[in-house]
Amino acid sequence: MIWNRLFFYFCRAFNELICKLVKLYRKYIPSKIRHAVNTAFLGATLIFFRNFRENLKAKRIYLFQRILPDTEKNRMYAFMGKHGLTQCPYPFVLEYKNRQISYFFDEQSNMFYINHAGKKLYFPKTYKEKEIVSMYKTLIMEQDIRSPHQYVKNINRLKGKILLDIGAAEALFSLDAIELVNYVYIFECDENWIEALTATFEPWKNKIMIVRKYVTDINDENNITIDRFLEGKEKTNLFLKMDIEGYEQVALKGASDILKEAHDIDFSICTYHKENDVVEIANILQTYGLEYEQTDGYLHRGKDFRKAIIRRK
């Protein structure tokens, strides 16, 4: 027992030393050199030490799971102790690990694409084949009916809707819904994705608009609020999908008029990017009398488990 404690204290002290060295490294080594070193080999090493405590905790719970309380979080930690840290620590994700994914190259656009449910999903020219396959597996895994990250239980829920896909990236959600919705506004500012999105939605170009602005609570050259964007546009049967890396609260603050006045508004909003998102976003929705539900399960984020999606009930 005493050796286990000594080993744990040694590991903790070693981890703290590494963290201090990393701070000094970032402070005194130029960014260009850091980037080169990180690309070569350091990235994986830093990830290992950054996640050292979580890895140790997961391994410990995995080894002693039979004598520990059978809780959902202990089961998730035990899963990661066996299979490694992952954002979605549930057994169903293993089904995607060795799934064979075919990809194709479009010579005309000079981009790779994947045939997704009979539709071509394009990826940026900078993406390599392995990146594309890995990303696509994650995308479809996230929308598995067993996933905490599933935006909607049934895509037919979007029939006749006007979809605002805020934080679209590849816009797989919009692609799944494109033949059901009346119109789609795709909000994406990453230049790497614009060309790919244009190619993906070429067959439906008359019912989509790519909006290259950040959705926030201010209006300027690079930002726009939902309220401002929808001025003079149809506001019936709206569906708000938000996955914008922690800016969901800010975007909702810029949608006060819509949340107050729009008819039949529906939504699916990420709540795991920031620690307090799940509470604060729920409070915002309650302010407007909007009923909601949270998806089952949790996502592992940093050193915590967080609820992933809040949806219209």
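**Pocket and loops**

About 1,100 Å³ of space lies in the largest pocket. This is a predicted model, where local features need pLDDT of at least 70, side-chain atom pairs count only at pLDDT 80 or more, and totals for chains, interfaces and linings use all residues. Residues are numbered from 1 along each chain as its sequence is written, and side-chain values use heavy atoms, without hydrogens and water.

Me: Which element gives the most to the lining of the largest pocket?
Reply: Elements are DSSP runs numbered from the N terminus: helices (H or I, at least four residues) and strands (E, at least two). Those that each supply at least two lining residues include α4 (72–83), α6 (129–142) and β4 (162–166). The most, seven residues, comes from α6.

Me: How many nonpolar residues are in the lining of the largest pocket?
Reply: The lining has 50 residues. By class, 13 are polar, 13 are charged, and the nonpolar ones number 24.

Me: Is Glu-245 buried or exposed?
Reply: Glu-245 sits in the loop between β9 (238–242) and α10 (248–253). It is one of the lining residues nearest the centre of the largest pocket. Buried means under 20% relative accessible area, exposed over 50%, and partly exposed in between (1.4 Å probe, protein chains only). Glu-245 has 55%, so it is exposed.

Me: What is the phi of Asn-110?
Reply: Most residues other than glycine have a negative phi. Asn-110 lies in the loop between β1 (104–106) and β2 (111–116). Asn-110 is not a glycine, yet its phi is positive, about 60 degrees.

Methods. 1 Å grid on protein atoms, 1.4 Å probe; cavity = no way out; pocket = protein on both sides within 12 Å on 5 of 7 lines; lining within 4 Å. Points joined across faces, edges and corners; volume = space filled by probe spheres on them. Nonpolar A, V, L, I, M, F, W, Y, C, P; charged D, E, K, R; others polar.
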